[in-house]
Amino acid sequence: MTDTLAERWRRARPQPAGVHLDSGACSRQGFAAIDAAAQHARHEAEVGGYVAVEAAAPVLDAGRAAVAALTGLAPSDVIFTTGANHALNLLLSCWTGDRSVACLVGEYGPNLALMAANGFGLSALPVDEHGRLRVGAAAEALARKRPGLVHLTPLGSHRGLAQPLGPLAEVCRDLGLPLVVDAAQALGHLDCTVAPDAIYSSSRKWLAGPRGVGVLGVRPHLADRLRPRFPPSECGPPLTVLQQLEFGESNAAARLGFSVAIGEHLAAGDGHIRARLAEVGRLTRAAVGDVPGWRVVEPVDEPTAITTLAPTDGADPHEVRAWLIAERRIVTTACDPRRAPRELTVPVLRLSPHVDVTSDELDLTAAALADAARL
Ligand SMILES: *Cc1c(COP(=O)(O)O)cnc(C)c1O
């Protein structure tokens, strides 16, 4: 079953020019998503951009509905953005409640910057030695000192650790605290159907949509409490708060491509893909576990396809990444401490293969890393 999923996924897109271990940054799009975007650009040239986007409305609605299916929200709760950071900034800048947020020590650096820019004070949720949320201790801390919102990134950019999203969602519901979820790495990768008060993600990562698209989902009771900073620039029929936040110039072709990509994800089966990604993570950590000069950061069985390698012998992940691309056509990510400034102390090398990775490719990567160490 997993083999056929891998084969179908690979057949559905252009052949890779080498080994792609960079889905945490940007997955490879499929033909259907690429064609949908190109077709829409052609249609814009034929009938005009404003007419073409009206004709595309059912596909865009299906895209929003697919995000709703993956998050436990309603289709009308979901809007498109230009990315995850844009979505968080929209949400925080319209926040009318108390501007204090409880989040992980390992919170994504750009999110911390957006929280600060919007005047939010931070408190840290309790974690164990891996950086994993301690749910019981968090429940006690949140009951004692109630923040304006709880923010969780269930899967970070700098470490392939799956955070306990479901249990935290329950805690927040019990305490009546709004939970906001950064699912940039988690959507299509971990189970996100917990109906959080707000959730946002990117198109280009594990869902393999185009770049420059994201989504924001907000449940109605929270949306009603948001105050957009300015009204839409054109007069027209009254818009809901979320419609106001979505309003404005956008790349409709890219949104269409994403809608098609997430539709393909659902058709392949979110559960199947998540199970295969967990397996891919285990296989990756097993393949590179003994490479000299590097230490695998995650527990081997962590159910994510993100593996990070910390240098034990002075290797520079940025240099190794560049060498792997130039000499072996293997694409990885060098993660700087800026990605998680309160947790990451040295740069790490991230391997993030998608469901189609082969054991040959993982063995090639392990051999290349060993060669890089000899340079
Ligand atoms: C990539 C990423 C983001 C930012 O996503 P954009 O779509 O580039 O704005 C936010 N959070 C996490 C955890 C990410 O990995």
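Colleague: Leaving aside its neighbours within four places in sequence, with which residues is Leu 179 in contact?

Modeller: Please bear in mind that this is a predicted model. With neighbours within four places in sequence left aside, Leu 179 is in contact with Val 150, Leu 152, Leu 165, Leu 168, Ala 169, Cys 172, Pro 196, Asp 197 and Ala 198.

Colleague: How should I read the nonpolar residues, and which have the most contacts inside the largest nonpolar core?

Modeller: In soluble globular proteins, nonpolar side chains tend to be buried together. Here the largest nonpolar core has 71 residues, and Leu 179 and Leu 369 are those with the most contacts inside it. Because domain 1 (5-29 + 269-372) and domain 2 (31-268) both give residues to this core, it lies between them. There is also a second, separate core of 28 residues, with Leu 91, Ala 198, Val 218 and Ala 223 among its members.

Colleague: How many residues of each domain are in contact with the other?

Modeller: In domain 1, 42 residues are in contact with 39 residues of domain 2. The centres of the two domains, taken over C-alpha atoms, are separated by 25 Å.

Colleague: Turning to the strands, are the two faces of strand E6 covered or open?

Modeller: In a regular strand the side chains alternate between the two faces of the sheet. Strand E6 (residues 179-182) is covered on both faces: Leu 179 and Val 181 are buried on one side, as are Val 180 and Asp 182 on the other. The chain reaches E6 from E5 by way of helix H8 (residues 165-175), in a right-handed β-α-β crossover.

Colleague: In which sense does E6 pair with strands E5 and E7?

Modeller: Strand E5 (residues 149-152) pairs with E6 in the parallel sense over 3 bridges, and Val 150 stands opposite Leu 179. E6 also pairs with strand E7 (residues 198-202) in the parallel sense, again over 3 bridges. Ile 199 in E7 is the bridge partner of Val 181.

Colleague: How far apart are Ala 87 and Ile 199 in sequence and in space?

Modeller: They are 112 residues apart in sequence and 8.8 Å apart in space, C-alpha to C-alpha. Ala 87 belongs to helix H5 (residues 84-93) and has a relative accessible area of 0%, so this residue is buried. Beyond its neighbours within four places in sequence, Ala 87 is in contact with Thr 81, Tyr 200, Val 215 and Leu 216.

Colleague: Which residues does UniProt list for the aminotransferase class V domain?

Modeller: The unreviewed UniProt entry lists residues 20-333 for "domain: Aminotransferase class V". Over residues 20-333 the chain is 44% helix and 13% strand.

Methods
Residues are numbered from 1 along each chain as its sequence is written. This is a predicted model: local features need pLDDT of at least 70, side-chain atom pairs count only at pLDDT 80 or more; totals for chains, interfaces and linings use all residues. Side-chain values use heavy atoms; hydrogens and water are left out. Buried means under 20% relative accessible area, exposed over 50%, partly exposed in between (1.4 Å probe, protein chains only). Helices (H or I, at least four residues) and strands (E, at least two) are DSSP runs, numbered from the N terminus. Two strands pair if DSSP finds at least two bridges between them. A crossover is right-handed if, with the strands pointing away from the viewer, the path from the first strand over the helix to the second runs clockwise. A nonpolar core is a set of buried Ala, Val, Leu, Ile, Met, Phe, Trp, Tyr and Cys residues joined through side-chain atoms within 4.5 Å. Domain bounds come from an automatic or database domain assignment. Contact means heavy atoms within 4.5 Å. UniProt positions are given in the numbering used here, feature names are shortened, and annotations may be inferred rather than shown by experiment.
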